[in-house]
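Subject: Handing over the structure, with notes

Dear colleague,

Please read them with the structure open beside you.

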Amino acid sequence: DGAGNESAAGVSATVVVDRTADSEATASLSLGATALGAESLAAVAFTVAGLDQDATAVVRFSDGGDEVTASVSGNGAGVVDLSSLADGAVTTTLSITDAAGNTAAIDGPAVTLDSTAPARPTLGAISGDGFVNATEAAAGLTISGTAEAGLSVSVGFGEETRTATADGNGAFSVSFEAAALPVDGTYAVTVAPVVDGAGNESAAGVSATVVVDRTADGGTPASLTLEDGVLRANEVGAAPFTVAGLDEDATAVARFSDGTSSVTAAVTGNGRATVDLSSLADGPVTTTLRITDQAGNSASVNGGGSEINTGAPGLLFSSETGLFLNREALAAGVDLTGRASNLDAGTTVTVALGALSQSAVLTSDGTWAVAFGPQALATLDEGPAMLTVSAPDGAGGTATQTRSLTIDGTAPTVALT
């Protein structure tokens with residue numbers, strides 16, 4: 001003091017000079033993802049590193065209007081709920097305060113919030129009509145649709161899957177080469193739900209039914225049959241035919257040709273129908289069945305042939321019995337033969353000799369034959385008689401041929417005078 005007295009001892013204190021909240025400039029804020037979808041917004045993970053030991057911090061997330069904060073007491077991981085923020089760009093900031101009261105603000109990574117699921121993908125018409133026929137299958141199949149631009153789309157068909165990315169207009173297409181197409185049958189083409197960059201998944205995928213059908217005549221072989229081997233004048237106007245073996249999804253055109261002209265009949269299914277062939281010429285008739293199924297496949301089947309014969313039926317005697325049946329003929333019996341024209345084989349021919357009658361069946365070569373024995377002939381009255389052969393003509397009438405003869409079994413007598 002002023003008298004020269006000195007205190008017993010001096011005093012001291014420690015002072016920290018700290019001008020920087022982040023002295024090493026190493027503090028950082030990182031996020032597990034920078035595109036956040038609806039399912040991740042309630043628990044967004046972040047990590048703080050490089051804080052000084054005496055520092056604490058506040059992590060801030062802002063959509064430009066609202067803000068969410070999380071206090072951090074040191075380095076490490078944390079979780080924050082950002083579901084209250086609006087979709088779009090979100091800024092992140094690490095606000096640091098140290099023990100000396102210094103502060104610092106560090107920008108974190110930019111974040112995009114997207115809580116909206118992408119639109120459900122769509123499928124276009126497959127092969128135009130939902131059927132894949134032989135021609136289309138051989139060329140391979142391209143399947144198109146729409147989805148949110150830039151998203152990956154997965155399309156399944158049979159046992160195969162193809163992936164494509166929707167272009168800027170939202171269009172996508174995938175191709176299944178011919179070898180990848182399944183065997184004939186009905187299948188579902190499926191499109192899986194799409195997922196956007198924020199992890200949002202579309203509400204549902206889509207599917208469509210596709211029929212692969214490479215064959216117009218895929219089951220029992222189809223057939224066309226004209227029921228009559230020979231078509232007579234009374235039959236050609238409504239000639240019966242039968243179609244069998246058509247697939248359920250097939251229709252057909254039956255074609256009948258005489259080699260120059262043809263007649264067609266539309267066929268919608270298996271069964272019996274008639275066709276007017278009166279415009280065709282007499283002679284052989286060929287038949288063809290042209291098949292088309294629902295998928296657009298076609299096939300041609302040769303049917304059974306027939307013959308048109310519109311000539312008038314006729315009967316002829318081919319055996320000569322003479323104009324008389326004398327005693328010797330009556331005792332031996334009489335064999336009569338003949339031919340028929342324009343009559344079907346199997347037609348019954350009736351031969352009447354006076355009061356006697358015998359039947360015969362027309363053979364495949366158009367001949368007939370009957371025999372009258374001696375006992376039957378002995379019952380005939382002597383004198384003029386009629387020999388008649390007749391047969392139904394197939395048109396409701398009768399074809400007939402008649403010959404006159406005389407029965408005379410009495411020997412002449414000689415009188416002496």
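What percentage of the 417 residues of the protein chain count as buried? The share is 36%, where buried means under 20% relative accessible area, exposed means over 50% and partly exposed lies in between, with a 1.4 Å probe and protein chains only.

Before going further, please keep in mind that this is a predicted model, in which local features need pLDDT of at least 70 and side-chain atom pairs count only at pLDDT 80 or more, while totals for chains, interfaces and linings use all residues. Residues are numbered from 1 along each chain as its sequence is written, and side-chain values use heavy atoms, with hydrogens and water left out.

Overall form

The protein chain has a radius of gyration of 53 Å, whereas a compact globule of 417 residues would have one near 22 Å; the radius is taken over C-alpha atoms, and the globule rule is 2.2 Å times the number of residues to the power 0.38. Taken along the principal axes, the C-alpha atoms fill a box of roughly 230 × 35 × 30 Å. The secondary structure comes to three helices and 34 strands, these being DSSP runs numbered from the N terminus, with at least four residues (H or I) for a helix and at least two (E) for a strand. Among the contacts in the protein chain with a separation of 6 or more, 61% are between residues 24 or more positions apart, a contact being heavy atoms within 4.5 Å.

Strand β12 (residues 141–146) is joined to β15 by six bridges in the antiparallel sense, and T142 stands opposite S175 in β15. In the loop between β10 and β11 (131–132) is S127, which has a positive phi of about 60 degrees although it is not a glycine.

A second open sheet of three strands, also with antiparallel pairing, has the order β18-β20-β23. Because β18 (223–226) and β23 (271–275) each have a single partner strand, they stand at the edges, and one side of each is left without a neighbour in the sheet. From one strand to the next the twist averages 25 degrees, with axes taken as lines fitted to C-alpha atoms (for helices over the stretch in contact) and angles running from 0 to 180 degrees between N-to-C directions. Strand β20 (residues 239–244) runs antiparallel to β23, with five bridges between them, and G271 in β23 is the bridge partner of V243.

The largest nonpolar core

A nonpolar core is a set of buried Ala, Val, Leu, Ile, Met, Phe, Trp, Tyr and Cys residues joined through side-chain atoms within 4.5 Å. The largest one has 26 residues, and L315, W368 and F372 are among those with the most contacts inside it. The elements that give two or more residues to this core include β27 (314–317), β29, β30 and β32 (367–372), while β33 gives the most, with four residues. Leaving out residues up to four places away in sequence, L315 touches residues including R339, W368, V389 and T400.

N200 lies in the loop between β16 (185–191) and β17 (206–212) and is buried, at a relative accessible area of 5%. A polar atom of its side chain lies 2.6 Å from the backbone oxygen of D114.

N297, in the loop between β24 (283–293) and β25 (298–302), counts as buried because its relative accessibility is 4%. The side chain of N297 reaches the backbone nitrogen of A134 at 2.7 Å, and its contacts beyond four places in sequence include N133, D213 and T292.

S300, in strand β25, is partly exposed with a relative accessible area of 46%. S300 and L289 are eleven residues apart in sequence, and their C-alpha atoms are 5.7 Å apart in space.

Finally, N342 sits in the loop between β29 (334–341) and β30 (348–353) and is partly exposed, at 22%. Its phi is near 60 degrees, a positive value in a residue other than glycine.

With best wishes

Methods: Two strands pair if DSSP finds at least two bridges between them. A polar contact is a pair of N or O atoms within 3.5 Å; within protein, one must be able to donate a hydrogen and the other to accept it, and residues adjacent in sequence count only if both atoms are side-chain atoms.
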